[in-house]
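Please view the sequence and structure below before reading on.

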Amino acid sequence: MKAALFTQFREPIEIVEVPDPIAPDDGVVLKVDATGICRSDWHGWQGHDPDIRLPHVPGHELAGTIVEVGRDIKNWKLSERVTMPFVAGCGHCPPCLSSNQQVCDNQFQPGFSAWGSFAEYVAIRYADMNLVRLPESLDAATAASLGCRFATAFRALEAQSRLRAGEWIAIFGCGGVGLSAIMIATAMGARIIAIDIQEEKLKKAKEIGADIVINSRKVSDIVAVIRDITHGGVQVSMDALGSPETCFSAISSLAKRGRHVQVGLMLADHKHPRIPMDLVIARELEIYGSHGIQAHRYDVLLGMIEAGKLHPERLIEARLNLRQGVDFLQKMDQFPGVGISVITSMQDNS
């Protein structure tokens, strides 16, 4: 099969022929119908993820068709269209037994702990409890776009920050995660302030529901601006980018007893950022992480999509072939484009 492979971190990713995967006893092989291109894939290529072993194939936001099933599989059959969260739980550890497969002790992550979906086929472990059956109305590109950014943003707001209608939320960063969060927060009835440094992204944020957009490069004190607009701070803040500056500002913009949720990855030199702990104590603030979503919670997300309350397809900016997707991935430190780009063809021609 064709696959995008790198043999050294930060070295060019090549499209090569590699052996087809074999279904593990507890898993399946999927023909990849679409796979999203996420900044997490860029972090993996940079060498920021300790689980990656070289050589490696990236890709963790996927939708596909089952072409092979392992001998222990009970819930799935050939030709079914599926997607999955980027964390597959083992089903046996304490977090899994408490229905928190997204923080499984033995998690399987395509594109990180194993070869991923920048390929014609991908093998998936723990398939019985982690695959999600796709409704006929959902195309592969939209399904793939849910796998990391959209689903993580959904859980961050619905479960972690407990966002409620009428509350103010400040979302720092209007890339794939941030725009997803804006769309979800809009559906939940929140009042949204979107912050970014690119006017094109702020324009998109406004189009999909942000009440107020702010270019942080054009104000001297973003926290003061947010606290002034909201008369004391937001009830919820989200760092959807993942930088020491956005994390600090997001927490600082909270009202008393506000909740911050960190979704943007903080890796390498950024993994131990400065936090305004004086404010956390004085204002009784809450800080949460959000690491994906459980497969069994997809029914709520898919239900909102089928009911017309969420339109993730509006966030798809580009549908690319494998070669174009690899080129895009290697430029993600430049934050190219607006919204989400998805690989929908495994051909490598330009």
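**Nonpolar cores**

In this predicted model, L157, I169, I182 and M238 touch the most other members of the largest nonpolar core, which has 53 residues. A nonpolar core is a set of buried Ala, Val, Leu, Ile, Met, Phe, Trp, Tyr and Cys residues joined through side-chain atoms within 4.5 Å; buried means under 20% relative accessible area, exposed over 50%, and partly exposed in between (1.4 Å probe, protein chains only).

- Elements that each supply at least two residues of this core include helix 4 (140–160), strand 8 (168–172) and strand 11 (234–239); helices (H or I, at least four residues) and strands (E, at least two) are DSSP runs, numbered from the N terminus.
- Helix 4 provides the largest share of this core, 11 residues.
- Another core, of 42 residues, lies apart from the largest one and has A88, C93, A127 and V326 among its members.

- I275 is located in the loop between strand 12 (254–262) and helix 9 (277–282).
- I275 is partly exposed, because its relative accessible area is 33%.

**Whole protein**

- The protein contains 11 helices and 15 strands.
- Of its 350 residues, 57% are buried.
- Its C-alpha atoms fill a box of roughly 60 × 40 × 35 Å along the principal axes.

**Basis of the values**

- Residues are numbered from 1 along each chain as its sequence is written, and side-chain values use heavy atoms, leaving out hydrogens and water.
- As the model is predicted, local features need pLDDT of at least 70 and side-chain atom pairs count only at pLDDT 80 or more, while totals for chains, interfaces and linings use all residues.
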